[in-house]
Amino acid sequence: MAIAPQALHEALLDAAAALRQERIDHLFSEAPDRADRYRCEVGGLSLDFSKHLLHDDAWQSLLELASARALPEAFSSLIAGEKVNTSERRPALHTLLRGTEADGHSEKSDAVQKTLSRMAALVEAVHSGQAAGATGKRFTDVVNLGIGGSDLGPRLICDALKTPEAPLRAHFVANIDPEDLDRVLRALDPESTLCVICSKSFTTEETLSNAARARDWLLAGGIQDDAVGQHLIAVTTQVQQAGQWHIPPAHCFPIWDWVGGRYSLWSAIGISIPLALGWPAFQQLLEGARLMDAHTAAMSPGENVPMIMALLELWQTHYLGADTHAVLPYAQKLARLPDFLQQLTMESNGKRVSSEGERLEHDTAPVLWGSAGTIGQHSYYQLLHQGTRSFTADIILPLRSGAGDHDARRALAAHALAQSRALMVGRCAEEADKLGRHRDVDEAVSRQFEVPGNRSHSLLLIDTLSPECLGALIAAYEHKTYFLAVLLGINAFDQWGVELGKEIAADMRGLLTTGETEAEIDPSTLVAAQAWRAANTD
Ligand code: F6P
């Protein structure tokens, strides 16, 4: 399928060809009001996209594309619970989890409300000490055992919002490498530790392995076999199987196959969030996301934050040649945002056939990467400023990110704004020459001081790092991901590519255990397996 109807596609190609000869700073001198016009605000977020290589004609064509590809209607289909996940014939109703109602889905809504009430009751019981460890100690720590969507969202939120006064300390273990769990447990007391086994499928090897090892640790720490369930919570679609772990029914929470793993932090998969931060914080998080749902449903494409984000990504990656998308949050509290967004965007939109199974002629999701500013500035920003690769970026700056040390926070903001400006203006040849003369180097050598600038990026200001703003931010990225999938013609809600590795890993285990496998193995893999076996003879 084509990325856009022919006439629009040609208009966008022409606009891109013309704009490649332009400079963003020049566009500003021609129209200083673009900082106001290329801006969209909602729920404490302010998306400034004036520093993209974009002019009104191109923007108009992109807005026409949003209508031509029926983005508003696609969103209505999503929140109405239509089967947008075509390969698994399921809806993707994460919006229902935060109270965005869908006609004809009252049973699902009731199940969500019932689960939220049960979660609130357990959280309250844990915080009051009514639900305590088997030896009577109050819980002080919660360990989330999950991976992918059963880890990254709750991990991001707990890391972003934790305070010294938080009711419980939260820890996250995802890797099957025993080191991950051991490092966490080493510092904990089994008598006051609650473990959440978080797995939508309840078949994920990493999670089940860590859960079994955590259970052994509890038993070894003096918790009796018949009481160990007091220290466990399970969240899964397979509640029956969780029962086999002797987890009390009050500790077992359902999720549903109509919620995708990477869109599930709003469900009981996120129970570590209220356990760690308190129930009000979780409610406010859901409220922020619901606000973003309402905004996305109500606003036309030009005033719609997630649609604008998706259109910009399409513009940058398909018309201006960006290969990757850097997410650069200037807030240590958002250090885990790039990890979360990697799964959200690359597992959702890293596809090569359309929703109808047609082989695509165009690229799909760009590689997403990034880390907290200013740390990246002393690492990979060199490539951003002077490298040859093309990228787009989101620079994210909370206006209020916490109390204390105002000078350091001002310095952090100064770096965010400086990078945004440097990416746009760069350092021209004349300035490079001046610098060269000052440093007494040849004119030719001065070329090394040039910085091209003209790097398109968005500047996303967040009012304050509250649970509401964070909920709105994450929901905005969720909807952006879906809109991009609609523009690309793909299904954002399956992940068949991940399964292949899981299947081959089963064969590899045989090879590493007995040296034999039923599958034909290439010599490189065979040599590595033999080396591993030789190193692990015990
Ligand atoms: O990585 C594949 C995947 O299926 C993700 O989509 C999912 O978030 C993760 O594994 C964990 O799955 P589960 O919650 O079923 O353990």
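## Ligand contacts

A backbone N or O atom of G149 lies 2.7 Å from an oxygen atom of the ligand. This is a predicted model, in which local features need pLDDT of at least 70 and side-chain atom pairs count only at pLDDT 80 or more, while totals for chains, interfaces and linings use all residues. Residues are numbered from 1 along each chain as its sequence is written, and side-chain values use heavy atoms, with hydrogens and water left out.

In S150, a side-chain N or O atom is 2.6 Å from an oxygen atom of the ligand. For Q343, the distance from a polar side-chain atom to a ligand oxygen atom is 3.2 Å. On its own the ligand has 400 Å² of accessible area (Shrake-Rupley method, 1.4 Å probe), and the protein covers 88% of that area.

## The shell around the ligand

## An aromatic pair

The whole structure contains 12 aromatic pairs (ring centres of Phe, Tyr or the six-membered ring of Trp within 6.5 Å). Y38 and F49 form a stacked pair, 5.3 Å centre to centre with 25 degrees between the planes; stacked stands for planes under 30 degrees apart.

Y38 lies in the loop between helix 3 (34-37) and strand 1 (39-42), and F49 in the loop between strand 2 (45-48) and helix 4 (56-68), so the pair ties together parts 11 residues apart in sequence. Helices (H or I, at least four residues) and strands (E, at least two) are DSSP runs, numbered from the N terminus.

## Backbone details

The peptide bond from G373 to T374 is cis, with omega near 10 degrees. T374 is in the loop between strand 9 (367-369) and helix 16 (381-386).

F202 is not a glycine, yet has a positive phi of about 60 degrees. The loop between strand 5 (193-198) and helix 10 (205-220) contains F202.

Conventions: A polar contact is a pair of N or O atoms within 3.5 Å; within protein, one must be able to donate a hydrogen and the other to accept it, and residues adjacent in sequence count only if both atoms are side-chain atoms. Rings of Phe, Tyr and Trp (its six-membered ring) pair if their centres lie within 6.5 Å; planes under 30 degrees apart count as stacked, over 60 as edge-to-face and the rest as tilted.
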